[in-house]
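Take a moment to look over the sequence and the model. The paragraphs below go through one chain, then the other, then where they meet.

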Amino acid sequence: MLERQQVAELVISSLEDVPRRPDAPPVLDEDTRLIGSAAVVDSMGLVTAIVEIEQRLQEELGVTVMLADEQAWSQRNSPFRTVGSLADHILQLAGGKPA
Amino acid sequence: MTDRRVALVTGTRTGIGRFLAERFVQQGYSVHGCSRSAAAWSLEGYVHHEADVSDEEAVRAMVGEIRRQHGRLDVAVNNAGVASMNHVLLTPGATVDRVLATNLRGTFLVCREAAKLMQRHRYGRIVNVSTVAVPARLAGEAIYAASKSAVTTFTQVMAREVVELGITCNVVGPGPIETDLLRGVPEGKVRDLVDRLVVKRLGRFEDVANVVDFFVRPESDYITGQVIYLGGLHD
């Protein structure tokens, strides 16, 4: 079963390979914003990050999920707000163990 | 990641798709292809997938297999298509769903999954296949032509969305060629269409391959969102 910690680490390591905004803080953590004015990536960076995370989940953890499903876009609170909320979203899709 | 370039061609059981797949193999690519049923041919360097392009899971599995085997995808040609020859007043709704499922949804799904893999290396060439039935506004092919018009619009918008990822997206629109699709078209209709072309002959697989070759060249990185119809027709 997926552990939340390993998912959060995978999200962060994927983000480290995506071009970030020049004013983005150098250290990424669970509270790092992915959308909005304080986001560390622009809109294209978020797209690239989501794709990268999907592919790494499959390659490194053997988990096949589609992060940007219809439910994700329709939620009142976007699962792409922060690294932490995205990790929660992945666990929910993959049936992992919450924190 | 393998050094050899990798191409995916859909609709490779017969016709243009098979021709393009064999050609890519000859050019040194590792080639993957698909059709809803098994291919009656095989070739070293070619892998066939039994996959319906309108099936999201099947497309994801196919591209996932390419990622596992090669770690890259350089070229994707969306050739799989179904046609429908009927008067609008006699066209069942189910036919519309079937044509759009393969021609538009299938093209979208393959483009999306292909681009996900291509973006990893900031390089990709996508070619979507349309038809001269679009600029010819052929009576009797309303749904088929409309589905291919949608493919063109989709391709041109996608071209803008993925340009930053090093991916180009273009369209080739063949005229009448001796393929499975054309066998269902009455001879008179084919003759009428050829008469409307500027170059008055049936197309050849080589004509399509010539345009595909142009679009997929690395040097064609300044060519995206373009449509080339064969035989001289244009919008």
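Of the 99 residues of chain A, 29% are buried. A residue is buried if 20 or more other C-beta atoms lie within 10 Å of its own, exposed if 12 or fewer, and partly exposed in between, with C-beta atoms placed from the backbone. This is a predicted model: local features need pLDDT of at least 70, side-chain atom pairs count only at pLDDT 80 or more, and totals for chains, interfaces and linings use all residues. Residues are numbered from 1 along each chain as its sequence is written, while chains are lettered from A and ligands numbered from 1 in the order in which they are written.

Chain A has four helices and zero strands. Helices (H or I, at least four residues) and strands (E, at least two) are DSSP runs, numbered from the N terminus. The radius of gyration of chain A is 12 Å, close to the 13 Å of the globule rule for 99 residues, so chain A is as compact as a globular protein of that length. That radius is taken over C-alpha atoms, and the rule is 2.2 Å times the number of residues to the power 0.38. Along its principal axes, the C-alpha trace of chain A spans about 35 × 25 × 20 Å.

Now turn to chain B. Seven strands form an open sheet there, in the order E3-E2-E1-E4-E5-E6-E7, with parallel pairing. Two strands pair if DSSP finds at least two bridges between them. The edge strands of chain B are E3 (46-50) and E7 (227-229), each pairing on one side only. Three bridges join strand E6 (residues 167-173) of chain B to E7(B). Val172(B) has Ile228(B) in E7(B) as its bridge partner.

What lies inside? The largest nonpolar core has 59 residues, and Ala76(B), Ala114(B) and Val212(B) touch the most other members. A nonpolar core is a set of buried Ala, Val, Leu, Ile, Met, Phe, Trp, Tyr and Cys residues joined through C-beta atoms within 7 Å. Helix H3 (residues 93-118) of chain B gives the largest share of this core, ten residues. Apart from this core lies another, of 20 residues, including Val7(A) and Leu15(A). In soluble globular proteins, nonpolar side chains tend to be buried together.

Finally, the meeting of the chains. Five residues of chain A are in contact with four residues of chain B. Contact means that the C-beta atoms of two residues, placed from the backbone, lie within 7 Å.
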